[in-house]
Amino acid sequence: MLFWPTRALRSDSFVIYMPAARSVIPLETIDQVKYLPLISVLNAVGKVDALQEKRDSLKIWFGEAVIELRLDDRKVQVNKTRLTLAQPVRRPRGQWLVPVDFLTAALPHVTHETVEYQVGTNRIFIGDVKPTSFTVRLDQTATGARVTVQFTDKVTIHTAASNGKWYLYLGPRPIEPLEQTFRFQDPYVSEIQFDDQDGVPKLILTPTVSGLNFYPTLAEGGKVLLADVLKPPPVAPPQPAAGREPVTAAAPAVPAPPAGPPLPAVVLDAAHGGSDTGARGRDGALEKDVVALLVARVRLALLATGKYRVVLTRVGDVNLAFEPRESAANLHHPRAFLSFHAGDLGTTTPRVVVYSYQASLPPGPGDNPEPPPLLVPWTKVYRTHLDQSRQLAQALQQKLAQIPGVTADQPGGAPARALRSVNAPAVAIEIGSLTPDADSGVLTDSNFQQQLASAIAAGLQAWQGGSPER
Amino acid sequence: MTRRAKVLMLVLLVVLAGSVLYLHVLARRVSFQPSLQHGEEVARTRLSEAALQPATSPQQMATLYFPSYEQGLLREEKRQIAWAETDTDRIRQVLLALMEGSHQGYSRALPPSTAIRAVFLAPDGTAYLDFSTQTLADLRPGILSECLVVYSVVNSLAANLPAVKKVKILVEGQEVDTLDGHADLSDVFVPDPARILPAS
């Protein structure tokens, strides 16, 4: 069984919390310095009205503010105010990047809002946002350990288990932890980690050994989380208190690999990457970033079902041709291959279209011999799974169409190159519209992306439920 | 002046005259030798002019297909075109009409900056269209958008030129993997009537 390290969860992203919204911005590290894409940051906190880009300089009109930057220069001018950043402005691959201290140095001059930022973290609070905080205590009990998390405000919890860890989703309120990670020398719990790098605050509990049960519950009106980590009795299973169902009832809370065959793999393919940015929105959003964020959410949603292991073709912002993506997918003999794209889908937005592969040249009379040939060229391997790919596209579309406010077209066929040489049921999911004519804010909205991720996980399960075991 | 000096002077004058004459011929050769790039541009311009010039034949109704993003299909538009003599020029006429854009307000298929490097029609009915990289730079990437662009070209050509059975798209004279990262161009395209919005 594959083990997914937690650092993959804490992907390189930065969360901007505002009173009515939050945005997840991709973070880039250059020479151990964290940088943020300037246009994405500004569009997260407002709207870029216009920009003038020259070879070595950038001028941005943002509301009443005019921001001027020069490449490889630490000085930034906001209206009449000249500011000095800790690190120079960069522009790799044509994307203007500013160091993280731009948020505290320049953003208050631009937004005229208070900015709260704890140095070293990957989140910032702008405007009238009052984040919840918490403390953690671990106590030994007769049969295990009790984790007590005291919050400064009420929270809700939703639990899930995956890959040997327990996930406690803490509801919609922004949370600022005093510490990111709590480590223990304990026979039951080794680590409690806070994570919100996908915009969803959660605690991740790592048990010290496998075979433990986990019983979380809220007390004091939602301000205290009590989580019992118990060793199961040797004969009879523990009888939890009324209303406290163990997480194992819904999903395996046991961190060790389950007995029997490994979980089926689902391959998630975030299109483009590196210098290949794909489509671009009016507000500077890039297809490669939009789909990378979506893939991270879909991955979590699939892992939370406890029914799949997830393989990513692209990890990080790297150039990747089609062949290594196909190789990575085919190596794992996946149950399904999902390729994620964002592009021009016209004026209707948000909109989702699911495609299966349709060849540009339909098969001739001799192209589908019976019985099927032993060896199939890689360029024609999609034919082996065409029916299942279409069924998968249909199942996903049905779930995506249930998202309020989202237009989900009937699934179609397209000569989508990403699907051609994948030896598995394969579909491409395109969201839009990501085009220079329209703002793409909704496509990077965490709620929208979370809804997509949940619908895709549900669609995948529905498809498997309705098809024979492969 | 001695006789020897006169002979020397005469020889020098002959050499000088010969040099001038040679330089003149050389200069003419240089100025009339077109560069390869210049030659291609001239050829392309000549082809475009040939396609755009009013033909002696009367105007006939042509069928063009333009993208409709809302339906994810192609919309039909009729237009009068005075067809050129040869099929390759007619292919170019269709492409130029698509570049010109819809007269009925439909979405654009090919950007106005599209540069067609060459057009060939093989005996088996395969039309080879060689676009420049600039064409790709001005396209809007996406599965739907690239698919609509390709089938706009393929279906429009097939609708107006019975000789065109298949279309192979090249870029800068080379086979390419995709149009702009999405649509698979590794094989030829045949017209797909299912991509056309049925007439209401």
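Reader: What angle do the axes of α3 and α5 of chain B cross at?
Author: Roughly 135°. This is a predicted model, and in it the axes of α3(B), residues 87-100, and α5(B), residues 143-160, come within 10 Å.

Reader: So what do you call that, parallel, perpendicular or oblique?
Author: Oblique. An angle over 145 would count as roughly antiparallel and 65 to 115 as roughly perpendicular, so α3(B) and α5(B) are oblique to each other.

Reader: And is the crossing left-handed or right-handed?
Author: The crossing of α3(B) and α5(B) is right-handed.

Reader: Which residues meet there?
Author: From α3(B) you have Arg90(B), Ile91(B), Val94(B), Leu95(B) and Leu98(B). They meet Ser152(B), Val153(B), Ser156(B), Leu157(B) and Asn160(B) of α5(B).

Reader: How many of those are nonpolar, polar or charged?
Author: Six are nonpolar, three are polar and one is charged.

Reader: OK, over to chain A. What's the strand order in the open sheet?
Author: β5-β6-β7-β8-β9, five strands with antiparallel pairing.

Reader: Which ones stand at the edges?
Author: β5 (50-53) and β9 (81-84) of chain A. Each has a single partner strand, so one side of each has no neighbour in the sheet.

Reader: How much are neighbouring strands turned against each other?
Author: By 15° on average, ignoring direction.

Reader: Back to β5(A), how many bridges join it to β6?
Author: Four, and β5(A) runs antiparallel to β6(A), which covers residues 57-62.

Reader: What's the bridge partner of Glu53(A) in β6(A)?
Author: Leu58(A) is the partner of Glu53(A) there.

Technical notes:
Residues numbered from 1 in each chain as written. Chains lettered and ligands numbered in written order. Predicted model: local features only at pLDDT ≥ 70, side-chain atom pairs only at ≥ 80, totals over all residues. Axes fitted to C-alpha atoms, helices over the stretch in contact; angles between N-to-C directions. Helix = DSSP H or I, 4+ residues; strand = E, 2+ residues; numbered from the N terminus. Parallel < 35°, antiparallel > 145°, perpendicular 65-115°, else oblique. Left-handed = near helix turned anticlockwise from the far one by under 90°. Contact = placed C-beta atoms within 7 Å. Nonpolar A, V, L, I, M, F, W, Y, C, P; charged D, E, K, R; others polar. Pairing = 2+ DSSP bridges.
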